[in-house]
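Here is a short report on one protein chain. It starts with a single residue and then widens to the whole fold.

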Amino acid sequence: MPRPMPNAFRLALQQTTSDPAIRRVLWISFAVTIVLLLTLPALAGWGLSFVQIANWSWVDTTLDVLGGVAVLVLGILLFPAIVGAVAGLFLDDVAEAVEARHYPALPPPRRQRIAEMIWGGLRFFLLLVAVNLVAVGIVLIVPGVNLLVFWLVNGYLLGREYFELVAARHVEPAAARALWRERQGRFIIAGLMLSPILLVPVVNLVVPVLGAAFMTHVFHRAAGTTAGRVPAGRAAG
């Protein structure tokens, strides 16, 4: 019998690469990010064209061009974070696809409050930006203890964020915090399994979607979901 955590990761990976609903989230994320990368430098250059810093036109023109290039370079460096932020808008669809295939008897997910959804999305984006900035910094530093710190810190952060993403679908925040305290070891291990992927170029672009699918399995197994149902006392509508 396969061990629960590796088996959950395998199921998530298989569905990420084969499920049309999940692949659609990936393609939308890539497409929107590429459009942003193509338009933001032009918009930055256009905005800077209205700012005159010097009395020489060639200086202002040079600054306009450099501003557009700086925005493009920053966008490339943060490409995974931008993809993740866009994908974050659809990660609920990823969890829904996983539950439809593997937990079909689950009750409908709870309705989240608007403020709760906005705060969750903002926090998720800020996490992705921080993680990717750290990853870029590590590339510029001699590998060693920094890689270990990156793995541990971001493993914890990813485990926490993806847990909260999935938990919010089925339990109230107070119940989610209680479950985290009881079973946080499992969720952190899941984050530690995802964290090294962030350092792999191109492959790291699928981390948000893969993480949501993976954590959906981990959450239901940790919560004691049996026969496709959330245990009594944890379900919320």
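## Glutamate 99

Glutamate 99 counts as buried because its relative accessible area is 6%, under the 20% cut-off. The model is a predicted one. Glutamate 99 sits in helix α5, which covers residues 91–102.

What does glutamate 99 touch, once its neighbours within four places in sequence are left aside? Its contacts are Pro104, Leu106, Arg169, His170, Thr216 and His220. One of these, Thr216, is taken up next.

## Threonine 216

Threonine 216 belongs to helix α9, residues 207–222. Is this residue buried or exposed? Its relative accessibility is 0%, so threonine 216 counts as buried.

The side chain of threonine 216 has a polar atom 2.7 Å from the backbone oxygen of alanine 212. Residues up to four places away in sequence are not counted in the next list. With those set aside, threonine 216 touches Ala95, Val98, Glu99 and Val166.

## The nonpolar core

The largest nonpolar core holds 45 residues. Which of them touch the most other members? They are Val94, Phe163, Phe187, Leu194, Val209, Phe214 and Met215. Several elements give two or more residues to this core: α1 (4–18), α2 (20–48), α5, α7 (145–167), α8 (173–194) and α9. Helix α9 supplies the largest share, ten residues.

Valine 94 is one of the core residues with the most contacts to other members. Leaving aside neighbours within four places in sequence, valine 94 is in contact with Ile22, Val25, Val209, Ala212 and Ala213.

## The whole chain

How many helices and strands does the protein chain have? There are nine helices and zero strands. Along the sequence the pattern reads α-α-α-α-α-α-α-α-α.

The protein chain has 237 residues, and 43% of them count as buried. Its accessible surface comes to about 12,800 Å². Carbon and sulfur atoms account for 72% of that surface. Now take the contacts between residues at least 6 apart in sequence. Of these, 81% join residues at least 24 apart.

Terms used
Residues are numbered from 1 along each chain as its sequence is written. This is a predicted model: local features need pLDDT of at least 70, side-chain atom pairs count only at pLDDT 80 or more; totals for chains, interfaces and linings use all residues. Side-chain values use heavy atoms; hydrogens and water are left out. Helices (H or I, at least four residues) and strands (E, at least two) are DSSP runs, numbered from the N terminus. Buried means under 20% relative accessible area, exposed over 50%, partly exposed in between (1.4 Å probe, protein chains only). A polar contact is a pair of N or O atoms within 3.5 Å; within protein, one must be able to donate a hydrogen and the other to accept it, and residues adjacent in sequence count only if both atoms are side-chain atoms. Contact means heavy atoms within 4.5 Å. Accessible areas come from the Shrake-Rupley method with a 1.4 Å probe; for residues, only the protein chains shown count as cover. A nonpolar core is a set of buried Ala, Val, Leu, Ile, Met, Phe, Trp, Tyr and Cys residues joined through side-chain atoms within 4.5 Å.
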